[in-house]
Amino acid sequence: MSDIRWTWSAAALAIAVAAVALLPLQGRALAASPESEAWLKEAQLGAHAPAAEDWDAIVAKAREEGEVVIYSASGRIAKLAESFNELYPEIKLTVFDLGSVKTVEKTIREQDAGIFNTDVVTTGNSGLVIHEMLNKGRIHNYVPQRYLDRIPAENRDPLLIRVNEAIVVYYNREAYPDTPPVKNIWELTDPKFQGRVGIIDPMSSGSTFMGVATIVQHADEMAAAYKAYAGKDIELGEGVPDAGYEFVARLLKNDVVIFKSGSKLVEASGKKGQENPLIAFAYMTYISKNESDGFVNAILTDMEPSSKWIYPTFMAIADRAPHPNAAKVAIAYLLGSLELNENSALAKPYMEGDSIALLQGLAPYYDPGSVSPRSDVPMPPGGEIWNEMKGWTVSADFMQSEGPKLRDFWLLHASN
């Protein structure tokens with residue numbers, strides 16, 4: 001791979017190394033410290049949660065607390081400050097946009113130093129979030145009781161999902177007006193696509209790393225897809241354990257183009273007037289840039305063996321949060337209004353008027369590729385394809401056990 005197509009920044013490398021260093025061995029959830037146990041009792045969380053929640057009392061206490069601090073992997077939550085303040089003028093919403101890796105890292109480092117600044121943590125990075133944070137008592141699952149019958153168990157246990165998103169593969173529909181250029185994922189490793197496939201750097205993007213890990217996780221399906229593509233069993237390279245890792249090795253060998261910016265990547269694939277545009281692994285939510293930026297991207301919706309790689313973004317209350325009731329109110333707000341249902345009429349702009357009154361914290365994410373954990377939220381226009389596409393969901397256990405190995409494998413083969 002040429003130096004032009006692969007450049008490492010010291011910052012990206014430091015983040016990757018730090019993330020690996022944080023990965024613990026799998027284990028059971030730890031018992032809460034005496035300080036945390038006292039806080040849990042006062043906050044009525046965990047084992048101390050009441051059988052019936054008094055929501056009016058929670059809101060009243062939240063107003064007395066006067067602030068809620070959120071560590072977030074997404075900057076879009078900051079757009080909610082004005083609408084949240086209109087609904088709860090006594091509660092100041094403060095959002096720190098940190099990215100997925102730094103959200104986890106900052107929370108852990110502060111708590112290890114005895115600093116408890118944040119109230120809500122919302123991020124992806126499944127392996128770290130479940131095993132290093134939830135199971136270590138650094139965050140606590142909280143689902144407002146009023147939403148229990150609207151959120152399927154898999155979206156709230158063991159941890160509440162704020163939104164499900166996905167990595168997909170884009171192509172330029174102007175360059176390929178009749179037939180999608182790829183039917184099988186292994187075609188992307190073919191010489192005809194050398195230097196013509198792009199991906200957001202998985203060493204600095206936790207979401208992209210989860211997507212790559214999900215492909216690797218499904219090694220048997222990847223092997224079957226290769227046989228369907230090539231008409232023969234796959235031959236593994238030296239030191240390559242299975243077909244999932246072999247795909248990663250071949251993709252890198254085929255001179256995949258690494259991007260630091262997802263926006264730049266979907267521009268490279270979707271800009272009009274190109275003869276040989278890139279095929280792009282990118283966030284499904286970026287399909288909205290067709291409308292905002294005039295791109296002509298399309299999604300490969302029928303690719304074998306999978307067309308989307310789903311990664312959840314969780315939200316939870318941080319251990320010993322200084323404003324636990326305001327945290328509960330913020331989490332309920334991020335889930336959307338109780339008035340919202342499958343028959344709700346929603347119209348653009350979603351961040352204004354009746355739409356945001358119903359969507360509340362879902363409004364910045366109401367686009368194709370972002371799916372609420374609730375079962376009663378209508379799909380946004382264009383989002384219907386989500387349910388039509390075959391998809392794999394990232395496994396927290398696989399991320400935890402294989403994450404360090406996959407990072408090492410990527411770095412090794414990227415440098416060759």
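**Reading ring pairs and helix packing**

Student: How exposed is F96, and what do the classes mean?

Tutor: F96 is partly exposed, with a relative accessible area of 37%. Buried means under 20% relative accessible area, exposed over 50%, and partly exposed in between, with a 1.4 Å probe and protein chains only. Y71, at 2%, therefore counts as buried. This is a predicted model, in which local features need pLDDT of at least 70 and side-chain atom pairs count only at pLDDT 80 or more, while totals for chains, interfaces and linings use all residues. Residues are numbered from 1 along each chain as its sequence is written, and side-chain values use heavy atoms, with hydrogens and water left out.

Student: How many aromatic pairs does the structure hold?

Tutor: Rings of Phe, Tyr and Trp (its six-membered ring) pair if their centres lie within 6.5 Å; planes under 30 degrees apart count as stacked, over 60 as edge-to-face and the rest as tilted. The structure holds 11 such pairs. One of them joins Y71 and F96 edge-to-face, at 5.6 Å centre to centre and 85° between the planes. Y71 lies in strand β1 (residues 67–72) and F96 in strand β2 (residues 92–97), so the pair ties together parts 25 residues apart in sequence. Helices (H or I, at least four residues) and strands (E, at least two) are DSSP runs, numbered from the N terminus.

Student: Why is the pair of F84 and Y333 edge-to-face?

Tutor: The ring centres of F84 and Y333 are 5.2 Å apart and the planes stand at 85°, so the pair is edge-to-face. This pair links distant parts of the chain, since F84 belongs to helix α4 (residues 81–87) and Y333 to helix α12 (residues 324–334), 249 residues apart. Both F84 and Y333 are buried.

Student: Which residues do ring pairs link into a cluster?

Tutor: The cluster consists of W186, Y226, Y229 and F247.

Student: How is the packing of helices α8 and α9 described?

Tutor: Two packed helices are described by the angle between their axes and the distance between the axes. Axes are lines fitted to C-alpha atoms, for helices over the stretch in contact, and angles run from 0 to 180 degrees between N-to-C directions. Here the axes of α8 (residues 219–230) and α9 (residues 243–253) come within 7 Å and cross at roughly 65°. The contact (heavy atoms within 4.5 Å) is made by A219, M222, A223 and Y226 of α8 with A243, G244, F247 and R250 of α9.
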